[in-house]
Amino acid sequence: MSKRETYEQKTEALLIPLMERNQFELVDVEYVKEGGSWYLRAYIDKPGGITIDDCELISRELSDLLDSEDFIEDAYILEVSSPGLGRQLKKERDFERSLGKKVEIRTFRAVNRQKEFTGTLKEYDKDTVTIETDHNETVHFTRTDIALIRLAFDF
């Protein structure tokens, strides 16, 4: 397991009791390097949406736990936020919650000469995702071909 995966898993383990106590959902944890700095990000949600106060509460509690456990070797910036409108689908519960909703899919390589698709999420399993486009076409994707899948939103 890579250092990144280890840090993400240990952070997730610290967050789970905080999420349960506050009735929040842990959407994702990521440890990434951007512009020369390391970032430890936790994305949280709840019915009705996460507030700045919710993020601050979890950030303070998580920061104390991370200081106490001290398992991250590098200097990093801790961020706790909402997953936002363009929420990526990563976990089983994300796909389950999004069945019947409009999603946006980007593929690593072209499928029928295109790499971006929008449609209603109809089916999924551990290997495939199926959408129905606005033109009533059914399109099947292998999960390994999907670079990004997230909820679509219209302005």
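## Glutamate 8

Glutamate 8 is a residue of helix 1. In this predicted model, the relative accessibility of glutamate 8 is 13%. Because buried means under 20% relative accessible area, glutamate 8 counts as buried. Apart from neighbours within four places in sequence, glutamate 8 is in contact with Val29, Glu30 and Tyr31.

Three strands form an open sheet in the order 1-2-3, and their pairing is mixed. Strand 1 (25–34) and strand 3 (76–81) are the edge strands, each of which pairs on one side only. On average, and with direction ignored, neighbouring strands of this sheet are turned by 15 degrees against each other.

Strand 2, made up of residues 37–45, runs parallel to strand 3, and six bridges join the two. Across this pair, tyrosine 43 stands opposite serine 81 of strand 3.

## Helices on the sheet

Helix 1, which spans residues 3–22, packs on the sheet and touches strand 1 and strand 2. The direction of helix 1 makes about 150 degrees with that of strand 1. Helix 2 (residues 52–69) lies across strand 2 and strand 3. Relative to strand 3, helix 2 runs at about 145 degrees.

## The largest pocket

The largest pocket holds about 220 Å³ of space. Its lining consists of Val27, Asp28, Glu30, Tyr43, Pro83, Gly86, Arg87, Gln88, Lys90 and Asp94.

Sorted by class, the lining of the largest pocket comprises five charged, three nonpolar and two polar residues.

## The second largest pocket

For the second largest pocket, the volume is about 170 Å³. The residues that line the second largest pocket are Asn112, Gln114, Glu116, Phe117, Thr118, Thr133, Asp134, His135, Glu137 and Val139.

With four residues, strand 5 (residues 114–124) gives the most to the lining of the second largest pocket. By class, this lining has five polar, three charged and two nonpolar residues.

Technical notes
Residues numbered from 1 in each chain as written. Predicted model: local features only at pLDDT ≥ 70, side-chain atom pairs only at ≥ 80, totals over all residues. Heavy atoms only, no water. Pairing = 2+ DSSP bridges. Axes fitted to C-alpha atoms, helices over the stretch in contact; angles between N-to-C directions. Contact = heavy atoms within 4.5 Å. Buried < 20%, exposed > 50% of the residue type's maximum accessible area, 1.4 Å probe, protein only. 1 Å grid on protein atoms, 1.4 Å probe; cavity = no way out; pocket = protein on both sides within 12 Å on 5 of 7 lines; lining within 4 Å. Points joined across faces, edges and corners; volume = space filled by probe spheres on them. Nonpolar A, V, L, I, M, F, W, Y, C, P; charged D, E, K, R; others polar.
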